[in-house]
Amino acid sequence: MLERKPVKDRTEVTFVLPADIPSGPVSVVGDFNDWQPGIHTLTPRSDGTRAVTVALPGKSEHSFRYLAAGDYWFNEESADSHDGVNSLLRT
């Protein structure tokens, strides 16, 4: 799930997943962090989910995916669209 909060000239996007699906650490990787795992790792929240917030420029489009333990890549079902490989997000 994606949560968005416009702030001045940017949008704070929170990437949210269930606490245990998939198990183990999960990072969101995309063009906004040069596809580097571990920079934006989801952390537990009090509501039983895990999340990470990334500030992105307003009025832009970004490609991203999730990377879980065991080199398991997967997309965000609620993304704005998909390009065949990646999830796409418009701010």
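Guide: A word to start with: contact means heavy atoms within 4.5 Å. This is a predicted model, where local features need pLDDT of at least 70 and side-chain atom pairs count only at pLDDT 80 or more, while totals for chains, interfaces and linings use all residues. Residues are numbered from 1 along each chain as its sequence is written, and side-chain values use heavy atoms, leaving out hydrogens and water.

Visitor: Of the contacts in the chain with a separation of 6 or more, what percentage comes from residues 24 or more positions apart?
Guide: Here we take the contacts with a separation of 6 or more and pick out those between residues 24 or more positions apart. Their share is 60%.

Visitor: How many helices and strands does the chain have?
Guide: Both are DSSP runs numbered from the N terminus: helices are H or I with at least four residues, strands are E with at least two. Reading along the sequence gives β-β-β-β-β-β-β-β-β. The count is zero helices and nine strands.

Visitor: Why is the chain said to be as compact as a globular protein of that length?
Guide: The radius of gyration is taken over C-alpha atoms, and the globule rule is 2.2 Å times the number of residues to the power 0.38. For 91 residues the rule gives 12 Å, and the chain is close to that, so it is as compact as a globular protein of that length. Its own radius of gyration is 12 Å.

Visitor: What share of the 91 residues is buried?
Guide: Buried means under 20% relative accessible area, exposed means over 50%, and partly exposed is in between (1.4 Å probe, protein chains only). By that cut-off, the buried share of the 91 residues is 43%.

Visitor: What is the order of strands in the open sheet of four?
Guide: Two strands pair if DSSP finds at least two bridges between them. E1 and E2 are joined antiparallel by six bridges, E2 (residues 10-18) and E5 (residues 49-57) by nine, and E4 (residues 43-44) and E5 by two. That makes an open sheet with antiparallel pairing, in the order E1-E2-E5-E4.

Visitor: Which strands stand at the edges?
Guide: An edge strand here has a single partner strand, so one side of it is left without a neighbour in the sheet. The two in that position are strand E1 (2-7) and E4.

Visitor: Which residue takes a positive phi in the hairpin of E1 and E2?
Guide: The hairpin has two residues between its strands. Val7 has Arg10 in E2 as its bridge partner.

Visitor: Is Thr49 buried or exposed?
Guide: Thr49 is in strand E5, where its contacts beyond four places in sequence include Val16, Leu17 and Pro18. Its relative accessibility is 18%, so Thr49 counts as buried.

Visitor: Is Lys59 buried or exposed?
Guide: Lys59 is in the loop between E5 and strand E6 (61-68) and has a positive phi of about 50 degrees, although it is not a glycine. Its relative accessibility is 82%, so Lys59 counts as exposed.
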